[in-house]
Amino acid sequence: MYVPLLLVVGLWVFSYVAYESNVIIVYPESNSVLLGMFFLASVFAASSGYHLGLGKRVGASHFQNYRSYAIIGLVSYLALFLPVVYNYTGNNVSNILTLFLEPGTAYSNMQSQLKEGREGRAWLLVVKILVAPFVLFALPYFAYRFFKFRKDGFYFFLIVFAFFLMSVFRGTDKEVFDVFVWSIAVLIAVRPLFLFVPFRNLTNFKYITIFVLVLVVVFSLFSYKKSNRLGEVETRCYSGTDICYELDRSDATQFVTVMGYSYLTQGYYGLSRAFDADYDYSWGMGHSPSLQYLGAALFDMQFDDNLVSSLDDVGWVSRGQWSTGFVWLGNDIPLAVIPLFIFFAFFLLSWSYREFRETQEILALVVFVYGFYNLLYMPLNLQLPKTGDLYLGYLFLLLVFIFRKRRRVANC
């Protein structure tokens, strides 16, 4: 029952120790005591909330049409695929081979398209929001069916392939990592010990072998796309700072190691600088760029003085560099209160995980998978809130999960 906690907090601890060690990138000394206290408080809150959530009484839902929801989600994603490509990336499907070989070009085209504003894409955004709850069901449901019963593998791999294609059109590695983490979360829910006892039986050995091979493919794509986008850069510095590191594109191992270290650790320096920032709270809409857009459009809210934006004044950069999900949460609540939020987030994580394990409830699985995904990325950023339609869909499903009526089941 504690496997998800061990994996998420394990990554937190690993990334924090890597940051403090300065073994590859040397970060200036900055509020080390405050950062350490905040980190320990967050880890304690995570562990406490997770443990308490395991004691929550669970029960199955009264509605059972999850296969229909997943099929609607899959069909909706595929139906919107081409409109999303044309409206959000500016790329053409006929150039897919060129875009795959030149991800830097794909990424540059997407950035140019996004700068044109959201007004022309408003209709598409509304449709994506409406179908988002169904889309969120698609991968967890079909992955569960494939990992548990060896059924619906075609639909599962179709979703994986669709996300890979979207990654090609966008020139980014986000979609590849997303579908990888979601799939691993489902596998953990179905076979929680496959990573810990890989040689206990043939099934676990097979899963761990496939896991390693897929991990190699994912990081190979990451290295390929990132090196292509960076061009001939050999020395890279964080904008507005003297923090630099060397990159060797000819050495794939060195490139992946240094870039991976940078992604895992740079956010902690942003968090350490955030303790010195002078900022205003957004109170509910500042932690997500998409919600910021809605807040500005609907309520004329201003987000120029929130915590992330204030990093520009304290030696870090608010855009283009990750500053941990903790800082993004700090847009809406005081930093001192964030461990309390972490407590409830892990409470929901363990509650949904235990409910799925005991009832095979697909809604509980969906809540667990995307909660796991968001918390796993916490040392980097708030990954789910960056995608507005999916985030709004997740919040809707989370409320349904919390407040729906349940049928009692016997404890296992």
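A residue is termed buried when its relative accessible area is under 20%, exposed when it is over 50%, and partly exposed in between (1.4 Å probe, protein chains only). By this criterion, buried residues account for 53% of the 412 residues in the chain. The model is predicted, so that local features need pLDDT of at least 70 and side-chain atom pairs count only at pLDDT 80 or more, while totals for chains, interfaces and linings use all residues. Residues are numbered from 1 along each chain as its sequence is written, and side-chain values use heavy atoms, with hydrogens and water left out.

The chain comprises 17 helices and 4 strands, assigned as DSSP runs (helices, H or I, at least four residues; strands, E, at least two) and numbered from the N terminus. Along its principal axes, the C-alpha trace spans about 60 × 55 × 55 Å. Of the contacts (heavy atoms within 4.5 Å) with a separation of 6 or more, 76% are accounted for by residues 24 or more positions apart.

The chain exposes about 18700 Å², of which carbon and sulfur atoms supply 64%; accessible areas come from the Shrake-Rupley method with a 1.4 Å probe, and for residues only the protein chains shown count as cover. There are 31 positive and 28 negative side chains, and the centres of the two sets lie 18 Å apart. In this count Lys and Arg are positive and Asp and Glu negative, with His and the chain ends not counted; each charge is placed at NZ of Lys, CZ of Arg, CG of Asp or CD of Glu.

A search of the whole structure finds 1 disulfide, defined as a pair of cysteine sulfur atoms within 2.5 Å. Cys237 and Cys244 form a disulfide, with their sulfur atoms 1.9 Å apart. The torsion about the S-S bond of this pair is about 100°, and the disulfide is therefore right-handed. Cys237 is partly exposed at a relative accessible area of 39%, and Cys244 is likewise partly exposed at 34%.

Phe177 lies in helix α9 (residues 174–190) and counts as buried, with a relative accessibility of 16%. Not counting residues up to four places away in sequence, Phe177 touches Val218, Phe219, Phe222 and Tyr377. The C-alpha atoms of Phe177 and Phe222 are separated by 8.7 Å, although the two residues are 45 residues apart along the chain.
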